[in-house]
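Dear colleague,

I am handing over the structure we spoke about, and I would be grateful if you could look through it alongside the notes that follow.

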Amino acid sequence: MKRVQFSSPLLPYLFLAPQLAVIVIFFYWPSVRAIQSSFYLEDPFGFGSTFVGLDNYIGTLLNPEYLAIARFTAIFTALVTFFSLALGLLLAVKADAVIRGNATYKTLLISVYAIAPPVAGLIGMMFFDQHIGPFVKIAAFFGWEMKVGLSYFDTAFAMIVVAVWKQIPYNFIFFLSGLQGLPASVREAAAIDCRSSVKRFWTVIFPLLAPTAFFLLIINVTYALFDTFGVIDVMVKDKAANNPITLVYKVYMDGFRGNDIGGSSAQSVILMIVVFVLTVLQFRFIERRIHYT
Amino acid sequence: MIKQFSLAAVSIALTATSSLAATNISWWHGMAGRNGEVINEVAQKFNASQTACALTPVSKGTYEEALASGIAAFRSGEQPNILQVFDAGAATIINAKGAVVPAEDLIKEAGYEFDRNSFIEGVRYFYADSDGKFVGMPFNSSAPIMYINDEALKKAGVAAPKTWEEFEAAAPKLKEAGFIPLVQSQLTWQFTENFFSRNNIQFATNNNGYDSVADTQLKVTDPNLVMMFDKLKSWADQGYFAYYGAGWNDNQKPFEENKVALWIGSSGSFGGLQKTAQMPFSADFLPYWGSISGAGTNSFIGGAALFAMAGKPAEENKCVADFFQFLTSPEIQKFYHQATGYVAITTAAYELTKSEGYYDKTPVAEVGIKQLMLPAGEWSKGYRLGFYPQIREIMEREYGRIFSGETSVKDAFDTIEREGNELLARFAKTAG
């Protein structure tokens with residue numbers, strides 16, 4: 001391949017500038033402001049702000065409700081990530097094996113991805129509505145009196161189902177194209193060596209899919225932590241009450257609804273640190289085991 | 001179709017140019033749907049009534065979003081002239097000294113008379129400072145009232161309860177007749193804040209928070225309030241009361257479906273209810289406890305007020321004052337009252353609506369305003385509590401836990417008082 005040479009050493013920076021500007025304005029600048037305001041106690045209109053040191057952090061981390069929300073967020077993220085990856089992979093493997101009419105299956109499975117999270121939340125809310133929801137009627141048939149919006153467990157269940165349902169198509173697309181990218185020769189060789197297709201999958205195909213799976217793991221964790229906001233907002237109907245919420249929703253509630261800028265800034269900085277640590281851990285411990293072809 | 005659009009665009013452009021000479025003022029609000037349309041109609045009426053000022057209303061989503069946008073805009077110097085702020089957010093904006101021009105000062109400066117007593121009793125104090133000076137201009141105002149399923153009461157052979165004691169006596173018969181005796185739609189507004197107002201009990205120290213932000217503390221462990229929730233919980237256990245979570249509509253729906261005898265809603269609910277209710281209904285005041293001495297006073301005003309934001313040129317402030325005058329005129333109040341179901345806020349508007357026989361045709365529309373016009377007690381004037389939207393969230397959380405059996409009534413109120421007082425102390429620091 002021909003190497004591109006820039007005539008001036010400044011030119012590459014010029015080309016990078018728009019992207020850098022976007023990152024600085026929409027990421028670094030707000031982050032710096034968030035860190036800054038997390039050390040202050042401020043009245044919403046910005047008249048007085050008092051430096052309070054780490055008070056906002058201490059207050060947040062010692063609050064048992066905050067810790068309960070953090071615990072729920074961890075469980076929620078783990079379950080959503082696991083189920084959306086597992087079901088996406090299962091569907092991709094099955095769709096990959098279909099010969100007749102596979103375009104129809106694929107289109108049907110992918111189409112859910114086109115639904116915006118709040119719309120997905122709205123549909124989910126209808127399904128789980130206390131008065132008209134079909135899922136509630138099915139659950140009642142099995143003797144489970146579902147009260148989404150009142151019972152913590154039932155709402156958590158409904159939220160996880162909707163969040164997973166929304167994310168499956170995304171994982172499906174990536175896994176399917178990953179599967180289709182595997183060399184046919186490897187598959188055929190494996191088929192000669194081993195009769196059990198399950199064993200073949202775990203020993204040959206899955207390791208070859210690992211780069212895709214690792215990428216999706218990071219994306220799905222981020223999805224469960226942040227992008228489920230719309231689903232949660234719609235499902236709790238603007239009133240969290242005793243329903244489970246995630247840390248991001250708590251930041252929104254305290255900052256945008258409660259106008260407590262210092263407290264919610266401290267929470268978002270904590271969240272930033274959590275994501276940073278998670279990403280570092282993923283790269284250090286999981287990525288090492290992955291072989292890129 | 002396209003032609004119509006471009007015609008509309010041209011006509012909008014024309015009206016915009018014709019009002020170029022006028023002073024433009026903006027109004028950010030948190031109303032959507034039909035109520036948002038009515039705001040546009042009010043603005044059109046104002047713009048048509050004079051030529052000096054041109055008012056542009058902008059919907060910013062919900063109440064909370066309108067307040068958040070207003071705050072963000074103020075911090076960057078882009079605030080609107082008028083911001084609509086809801087009841088629970090009143091302390092946030094009123095305690096930010098310098099964010100607003102008190103409505104009363106604004107109106108007087110523009111050379112108008114301002115008579116506090118022309119407003120009905122329940123409206124007079126809520127958005128005022130501790131001296132009674134109007135800081136916000138009361139706008140859309142509502143009261144929590146009890147809607148009655150007439151068929152259910154007839155079937156059970158009971159009269160609509162005035163007090164909770166009467167309700168307790170009637171509940172078994174209503175249940176026997178096949179109805180859920182009672183549902184409500186907002187425990188914070190209807191059974192906490194307005195429990196204090198209807199039963200004339202102190203809600204918070206420092207004169208319900210009006211006198212000072214420092215050391216203001218909630219008094220929600222008041223034995224009467226604990227008793228109210230103990231009753232609600234035991235009614236729920238006996239099937240006399242049903243709770244469907246914190247969502248307003250989840251609780252309203254069974255009433256519309258003729259499954260419920262009594263529903264505590266808003267005086268502003270009746271317009272929608274007329275379309276959705278499957279049975280004839282009427283309304284009465286929010287019940288109180290006969291056993292509490294001095295109970296039966298008026299309720300706090302619910303809804304929102306309009307605030308004139310500070311930092312605007314004098315001629316724009318003059319226009320805002322003109323608009324406030326226009327808004328409180330009996331004709332406009334009557335229009336707004338009938339178009340939305342929110343109560344009229346001045347006695348003159350009420351008298352006008354009444355004299356035209358509106359309440360003979362729709363008696364339900366009069367219940368809210370009559371409840372607000374009941375004699376005020378020492379503690380029914382209002383409350384002024386910082387970070388109150390967050391305190392409400394704590395209440396919603398704990399109330400949910402009471403009815404899902406995760407906590408006891410006593411523990412729930414201990415938690416609300418403790419966490420609420422922490423927030424109030426935090427707010428005092430920000431305002432200090």
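Two residues are taken to be in contact if their C-beta atoms, placed from the backbone, lie within 7 Å. On that basis, residues 24 or more positions apart account for 68% of those contacts in chain A that have a separation of 6 or more. Please keep in mind throughout that this is a predicted model.

The C-alpha trace of chain A spans about 75 × 75 × 30 Å along its principal axes, and of the 293 residues in chain A, 32% are buried.

Turning to the interface, 27 residues of chain A are in contact with 31 residues of chain B. On the side of chain A that touches chain B, the strand β1 (40-42) and the helix α11 (247-257) each supply at least two residues, and the largest share, four residues, comes from α11(A). Sorted by class, that side of chain A comprises 10 nonpolar, 10 polar and seven charged residues.

In chain B, the element I would draw to your attention is strand β10, which covers residues 302-309 and is mostly covered itself, with eight of its eight residues buried. Which strands of chain B pair with β10(B) in the antiparallel sense? One of them is β3 (residues 82-86), which runs antiparallel to β10(B) and is joined to it by five bridges; within this pairing, Val85(B) has Ala305(B) as its bridge partner. Another is β4 (residues 100-101), which pairs with β10(B) in the antiparallel sense over two bridges, and here Val101(B) stands opposite Ala308(B). Strand β5 (residues 137-142) likewise pairs with β10(B) in the antiparallel sense, over four bridges, and the bridge partner of Ser142(B) in β10(B) is Gly302(B).

With best regards

Methods:
Residues numbered from 1 in each chain as written. Chains lettered and ligands numbered in written order. Predicted model: local features only at pLDDT ≥ 70, side-chain atom pairs only at ≥ 80, totals over all residues. Nonpolar A, V, L, I, M, F, W, Y, C, P; charged D, E, K, R; others polar. Buried ≥ 20, exposed ≤ 12 C-beta atoms within 10 Å, placed from the backbone. Pairing = 2+ DSSP bridges.
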